Amino acid sequence: MNAEKSALQLQTDQYIVNVGPQHPSTHGGAHLQTVLDGEIIVDTVVKLGYVHRSVEKIAESKTFTQFIPYTARLDYLSGCLPPLAYTQAVEKLLNISPTERSEYIRVIMAEFSRISSHLLCIGSLALDLGATTACIYCVRDREQIMDMFEMVGGQRLLLSFLRVGGVSHDLPENFYPAARRFIKELPKMIDEYHAIITGNEILQKRLKGVGRLSAEDALAYGVTGPNLRASGFDYDIRRDDPYGIYDRFKFEVPIDSGGDAWARYLVRVEELIQSARIIEQALDSLPEGDICAKTPRLLKAPENQDIYHHIESSKGELGFYIVGAAGKDKPHRLHVRAPSFINLQVLPMMCKGAKFQDLITNIATLDPVLGEADR
Amino acid sequence: MDLWFTNIANYIVQFLMSWGLPYFWADLILLIIQWACVLAIVVLDVIILIWLERKAAGFIQMRLGPNRLGPFGIFQTIADAIKLMTKEDIIPNKVDKWIFLTAPLFMIFISVMLYLVLPIGEDLAVVDLDVGLLYFLSLSSLTTICVLMAGWGSNNKWSLMGAMRAVAQMITYEVPLILSLLGIVMITGSLRLSDIVAAQSHVWFIIMQPLALICYFIAATAELNRGPFDMPEAEQELTAGAYTEYTGMRWALFFLAEYTNLVAVSALFACLFLGGWHGPFLPQWLWIPIKTYAVICVFFWIKWTSPRIRMDHLMSFSWKVLIPLSLLNIVLTGFGIEIFAWVRGL
C-alpha cells in the first residue's frame, strides 16, 4: 500500500504501469502495479483476487466427497496434486487408510501431474521470453500426459478421480504402455529442451543472475517447492515428511545454489527426471487389489479435531487445514495453504531495481497459478 | 529474356510518343505505371510472405500452419485481409488524433518508397539514383519516426514504452548498419546500387566482405524489429508495444509495412552481398526474387528459433560488438584494397 501511495505522489519521471489483470504474461489474473523509472522497476505491488471463487467457503457447505472436484480447480495445471492433498487430509481426519493399489496409482498420477505442470512452466517461461517454438515443444510433450489423464479420468486437465480411501476406478489397460513410452521418451525430450532452451545464449543471458533470491529470504517469506530448492535449501516434503507411500521410492531432490531464474529453470528440468524415476518404480511394483477402501456412504468426522496435511505440490508446499466437527459430514472450516500465493510475495523484492523485461522472467520462473493463489 | 521489361517500357514510351505526346509526359506516364507495378508487387509479396511465414513457423514448430483455404491454405491471408478491412476502426478518445491517424500512412509510404532504387535487373530500377544506397538507408531509418508517432500519439504507456524502445534500438543499430556497408562502397567506389551489383559479376561480396555480411545481417534484423530483436512489439511484455491501440486496417498497415520493409531489406541484402541479378541460366529479373526469398527464409528461421533479447543487452551488443567489428571491417577493407592494387602493379 505504501509504495502505491508514494508512487502516486511522485512528480518525477517515474510512472505506474498496470501489468495485468489482462496481460499476456501474468499467468492468469494477477495484477502487478509496477512503478517504473524508464525501463527500471522501482517497485511492484502484487494485487490478487481477480480469480477468487471462495473455494474455502464452499467447502463448508459441501460434504467431504463433494468438495473433491473443487480442489482440482485450485491449481488447475497440476491435475491430481490438489485432490491428493485434500483426500489425504480427509483420510487423516477420518482415520481411513487407502488401499495399497490405490496408493501406487495416486503416486503415478501425482508424479505425472508434476511433470505436466513443470513442462508447462518451462514452456511458458520460454514463451514469455519470446521463444514461441520452445513452448510448442513442451506443450507437445505435455499433450501425451493429457491424453493419459483422459484415458484414466475422462478429463484432460481437472482430473478428480481421487476418492477418500482410494481412487474412483482402476487404470485402463492402454494406460500402461502409454506411461512406459512416455518415461522412455522423456530423456530424449529433455535433450531437445536443452538444445533449444538451455543452450541458447540469449536465453542464458536473460536468466542468469536475474531475480536472485537468497535461501534466508526464501525461508523468511515462506517460499517452498522448486523455488526454495533453487535457492540452495534442501527441503522436499516427499522425502522429509513422507506422505502416502513416498518413503518406498528412491529419488533424489535436485537443488541448486544459484537462487536466480536460471537455477529455478534447471531445478525444474531436473525434477522431471526424478519424477519419471518415481513413476517407473511405482509401475514396476504396482500390486493387485482393491482400488478403494470400504468407507461409509456418508463420511462423517468422528470427533472435534483440527488436522493439517501437506504435500509437495509442483508449486511448493500445498497444505489443507481442516477443522472437523464431531458427527458432521462437512468440514467446519477449511483453509488451503496455497504455495502460489506465498511464492508470489517475493516478487516485489526480486524485481526491485531490475529491468522491466525481468519482471516477466521472474513471474514465469516463480510459476504461480492464480487459481490457487486467489482460491 | 533479360530485357523483357526494358522492352515493354520502351514500347510503352514509343507508343505514347507516336500519339504526339512529348517525351516528358510519356516518361511521366511510364513512371506512374512503374509505381503501380511496385505497389502491386508489394501487396502480392506481403500476401505470399504472411502465408510463407506461417507455413515456415508451422514447419519449425511441428504443426501444419494454415491449410484450410485453397491449396496449402494459400488463400488464408486474403481471408485475413478481408477480416481486417471489415473490422471496426477504433480511435480511442484520448489519442492525439492527427499523429495517431497519420503514423500508419507514413509508415507504409516510406516502406514502399524503398523499392524505387532497387535494381531488379541490369538497367531495371524505377529510379537508378547515383546515391541509391544512401537514399535507401536514410529512408529506412525514417520509419523510426513513424513508430515514435504511433507510440506517442496513442497516449498509452505500453505504446510509449514500445516506441521508446524502438527509437533507442533503431538509432543504435543504424550506426553499425551503415558502417558495415562502407566496405562495399570503398571497393566499388559508388553509392549507385546498379554499380554495386555490376561490380559483383565475378565475385560476390559475400566472399569479399564476410565480416560486413554478419554485421549487416544482425543490424538489419534489429532495424526490421524482427526475430530476437522484436523489442518494440514484444507482445509478452508490452502487449503489442507501439501498436497497442491500433485496430483493423490501421494495424494492418503497420503489419504490411513491416513485411514490406522485410522484403526491401532482403532485396538490398541480395543486391549488396549475393550478387544481385547475376546468376546462371535464369533471366536476371528472376534471380533477385529468388535470392530475396532465400534471405527472407533465413530471417524466418532466426525469428522462430530464438527468444527475445533484453533491452540493455541489445544496446551493449551494438556498441561493444557490432560497431567495433564494422570499424575493423573498414580498416581491413582499406588494407585489402591497397594490397590488391600493389599486387596488380607488380
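This is a predicted model: local features need pLDDT of at least 70, side-chain atom pairs count only at pLDDT 80 or more; totals for chains, interfaces and linings use all residues.
Residues are numbered from 1 along each chain as its sequence is written, while chains are lettered from A and ligands numbered from 1 in the order in which they are written.

**Exercise 1.** Work out how the strands of the open sheet in chain A are arranged.

*Step 1.* Strands (E, at least two residues) and helices (H or I, at least four) are DSSP runs numbered from the N terminus. Two strands pair if DSSP finds at least two bridges between them.

*Step 2.* The sheet has three strands in the order 6-7-8, with antiparallel pairing. Strand 6 (305-312) and strand 8 (331-337) of chain A each have a single partner strand, so they sit at the edges with one side lacking a neighbour in the sheet.

*Step 3.* On to the pairing itself: strand 6 and strand 7 (residues 317-324) of chain A share eight bridges. Tyr308(A), for instance, has Tyr321(A) of strand 7 as its bridge partner.

**Exercise 2.** Find out which residues of helix 15 of chain A are buried.

*Step 1.* Go along residues 356-366 and you get eleven buried out of eleven. Among them are Phe356(A), Asp358(A) and Leu366(A).

*Step 2.* Look just past the helix, too: Asp367(A) takes a positive phi of about 55°.

**Exercise 3.** Describe how helix 2 and helix 12 of chain B pack.

*Step 1.* Two packed helices are described by the angle between their axes and the distance between the axes.

*Step 2.* Helix 2 (residues 23-60) and helix 12 (residues 284-305) of chain B pack at about 45°, axes 10 Å apart.

*Step 3.* Residues are in contact if their C-beta atoms, placed from the backbone, lie within 7 Å. Here the contact includes Leu49(B) and Ala56(B) of helix 2 and Phe300(B) and Trp304(B) of helix 12.

**Exercise 4.** How many residues of chain B are in contact with chain A, and which helices supply them?

*Step 1.* Count first: 19 residues of chain B are in contact with 25 residues of chain A.

*Step 2.* Then sort by helix: helix 10 (235-238), helix 12 and helix 13 (311-345) of chain B each supply at least two residues of that side.

Notes. A residue is buried if 20 or more other C-beta atoms lie within 10 Å of its own, exposed if 12 or fewer, and partly exposed in between; C-beta atoms are placed from the backbone. Axes are lines fitted to C-alpha atoms, for helices over the stretch in contact, and angles run from 0 to 180 degrees between N-to-C directions. Two residues are in contact if their C-beta atoms, placed from the backbone, lie within 7 Å.
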